[in-house]
Every structure is written in C-alpha cells, then in structure tokens.
Amino acid sequence: MIELADEVRDARAVVALETTLVAHGFPRGEGTEVGLAAERAVREAGAIPATIGVLDGKIRVGLSADELGLFDQTARKAGPRDLAACAVQDAVGATTVGGTLAVCRVAGIRFMGTGGLGGVHRGFPHPPDVSADLGELARAQTLVVSAGIKSLLDVAATMELLETLGVPVLGFRTDELPLFYSARGGPPVPARVETAAEAAAVAGSHWELDGGGLLLAQSPPTSLDDVEPLIEKALAQAEREGVRGQAVTPFVLAFLHERSGGRTLAANRELVVANARLAAEVAVAAS
Ligand code: PSU
Ligand code: MN
C-alpha cells in the first residue's frame, strides 16, 4: 500500500513534506507552488524531497510535479486515522503533519519539514480538539522542523503536552519558541541548538534512547508581530459559522490570508520553504 519513488528509495538524505498545507493551507493554485518551492529548497541543500500523499489507492512517498497538482481543495484532509480509508476508497488524501509522520514511521524517514505544528486548540476542552500531529510526533522517530506551534492554538498547553509525551523541543538559534507568524513572544524552549549538525546529533542521541519524534523550531524569516487581533477575529468567525474539527485550521489560515492583505500568506510561504531547507541540512548532517 505504501509506494516509494525510486529516488527516495535510493537516497542517503530524505526529507518528508506534507500535502495538507499544499491542498488546504493556501489559496487555490498557490499551494502547489509552495510545495514545489519546498522541494527545490530540499534539493538545493543536498537531500531528496519525499512529498507524501494518498493517490491512486496508494500511499505515495515522492510525487511528480503533475501529481502534486492533484492535491487541491477537493482532497480529503488525511490525518493518521484517515490514511487507510483514503487508500482503500481511492480518494486523494492530503496528509497532515500527523498523517505524514505515520507514513514516515513505517517508511523509516527521519526528517520532515512543515509550516507550523498542530496542537491543543484554544478553549480546550470545549471542544476537546487536540491535533493528531502530537500523538504521531511522540511515536515516529522523525525530527520535524517547523516555525514552532501555530499561534492560533493554545501554545502553552501544547508545550505542556509535548513535555508529557516526551517530545524534545529544540530552538534553532533561538531561546524562545517561535509562534508561526512571529519570532518573538513564545515560551522558552527547553534546549537550544546552533547548527544543523548539532540538531542531528541530538536527534541521533534521542533515538539511541529509543525516543520518538523531535521538534526543531526555527523562527519565521519574516516576523509579523501584530497578527493576534486578527487571529481572535478569525476564531470568533469560525465559532459563529459553526466551523469544527478538521476544518478549523484551514478556515483560520484562509481568513488571515485574506484579511491581512496577503501578509500572512507571504510569511507562511517563506517559512515553509525555510523549514524544508533546514530539515534538509539536518538530514545531510545526519548522513
Ligand atoms: N503548516 C502550514 N499550513 C498548514 C499546516 C501546517 O503552514 O496548513 C497543516 C498541517 O498539515 C498540520 C495541520 O498537520 O495544519 C494541523 O491541522 P489540525 O489542527 O486540524 O490537526
Ligand atoms: Mn483537530
């Protein structure tokens, strides 16, 4: 059911990339461009990109540009629980961070790049919405590079849960956890690393201890420090419209992209590519 592209199977350094942000994280058409830019960044750093998604009844690891274009708004959002049904029912399944990690666990892929990790949604336990990204991050022996935790979530609660799950959180040249759109204002990180090689060494040691996933948090290249009021508006609007579950994150991202006049869109695009590049540098250092 899992099919690896030839170049992924033969590669020494591989970086997994997700397809939910391609399908649901950007306006129509733009997600594909972001996905391709992330793949280019991985190659420039000397690694092979393995973009993961469900297509043609298979879980595909490594997609062509044309195949990537099939992951649009009509794709199902595929978290860990959705992979099997998507494959059996021949649906296009855009994998979340959690869904991608579930595949990495089986395929033995150790590094991944994304935008922002999912986590505990604000207002917990009403509803009790906790992203499946966290459970998979605890299980998979994969290091995920992100711009921290999306600030539309309850970041403090998510950090507590990561500690409970035994997930190391490394700040890349920062003492503060980045907040997706902004570099500053987050909680302190439990450990800071200065280089990709150091991150690779910590990951290797953690896996020697039979640990699971790690989060390597990198500040966004462009830091937007005035998004919080807009996030509150977006969450209130989602509430009014009865948006629930898997639909919340894409709804909020789309609202922000529109209402910020495209500023969050540009920032999000940039940070996804930067994280893919850093994930590749860590993968190369580890090989
Ligand atoms: N990072 C982005 N854009 C995104 C996401 C991450 O820059 O759209 C996606 C990831 O796929 C992540 C998902 O797994 O948001 C979290 O969704 P939820 O809160 O429903 O688990
Ligand atoms: Mn959720």
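Start with Asp56, in the loop between strand 3 (48–55) and strand 4 (58–61). Check its backbone: phi is near 55 degrees, a positive value in a residue other than glycine. Keep in mind throughout that this is a predicted model.

**Two cis peptides**

Move on to the loop between strand 7 (111–113) and helix 7, and select Pro125. A cis peptide bond joins Phe124 and Pro125, with omega about 5 degrees. Now select Pro127, which is also placed in the loop between strand 7 and helix 7. The bond joining His126 and Pro127 is cis, with omega about 0 degrees.

**Helix 6 against helix 7**

Next, show helix 6 (residues 97–107) with helix 7 (residues 132–139). Their axes come within 8 Å and cross at roughly 20 degrees. The two helices are therefore roughly parallel to each other. Helix 6 passes helix 7 in a left-handed crossing. From helix 6, pick Val97, Gly98, Leu101, Ala102 and Arg105; from helix 7, pick Ala132, Asp133, Glu136, Leu137 and Arg139. These residues make the contact. They divide into 5 nonpolar, 1 polar and 4 charged.

**Ligand 1**

- Glu18: a polar side-chain atom lies 2.5 Å from an oxygen atom of ligand 1.
- Asn268: a polar side-chain atom lies 2.8 Å from an oxygen atom of ligand 1.
- Lys150: an N or O atom in the side chain is 3.2 Å from an oxygen atom of ligand 1.

**Helix 3 against helix 12**

Angles under 35 degrees count as roughly parallel. The crossing of helix 3 past helix 12 is right-handed.

Show the side chains. Helix 3 contributes Glu30, Val34, Ala37, Ala38, Ala41, Val42 and Glu44. Helix 12 answers with Leu265, Arg269, Val272, Val273, Ala276, Arg277 and Ala280. By class, the contact has 10 nonpolar, no polar and 4 charged residues.

Stay on helix 3 and select Leu36, which lies in that helix. Which residues is Leu36 in contact with, leaving aside its neighbours within four places in sequence? Select Ala65 and Leu68 to see them. Then take a C-alpha to C-alpha distance from Leu36 to Gly69: 9.6 Å in space, against 33 residues apart in sequence.

**Helix 10 against helix 11**

For the last stop, select helix 10 (residues 228–240) and helix 11 (residues 248–259). Their axes come within 9 Å and cross at roughly 130 degrees. That makes helix 10 oblique to helix 11. The crossing is right-handed.

Pick out the contact. On helix 10, select Leu230, Ile231, Lys233, Ala234, Leu235, Gln237 and Ala238. On helix 11, select Phe251, Val252, Phe255, Leu256 and Arg259, which they meet. Coloured by class, this contact of helix 10 with helix 11 shows 9 nonpolar, 1 polar and 2 charged residues.

Terms used: Residues numbered from 1 in each chain as written. Chains lettered and ligands numbered in written order. Predicted model: local features only at pLDDT ≥ 70, side-chain atom pairs only at ≥ 80, totals over all residues. Heavy atoms only, no water. Axes fitted to C-alpha atoms, helices over the stretch in contact; angles between N-to-C directions. Helix = DSSP H or I, 4+ residues; strand = E, 2+ residues; numbered from the N terminus. Parallel < 35°, antiparallel > 145°, perpendicular 65-115°, else oblique. Left-handed = near helix turned anticlockwise from the far one by under 90°. Contact = heavy atoms within 4.5 Å. Nonpolar A, V, L, I, M, F, W, Y, C, P; charged D, E, K, R; others polar. Polar contact = N/O pair within 3.5 Å; in protein donor to acceptor, adjacent residues only side chain to side chain.
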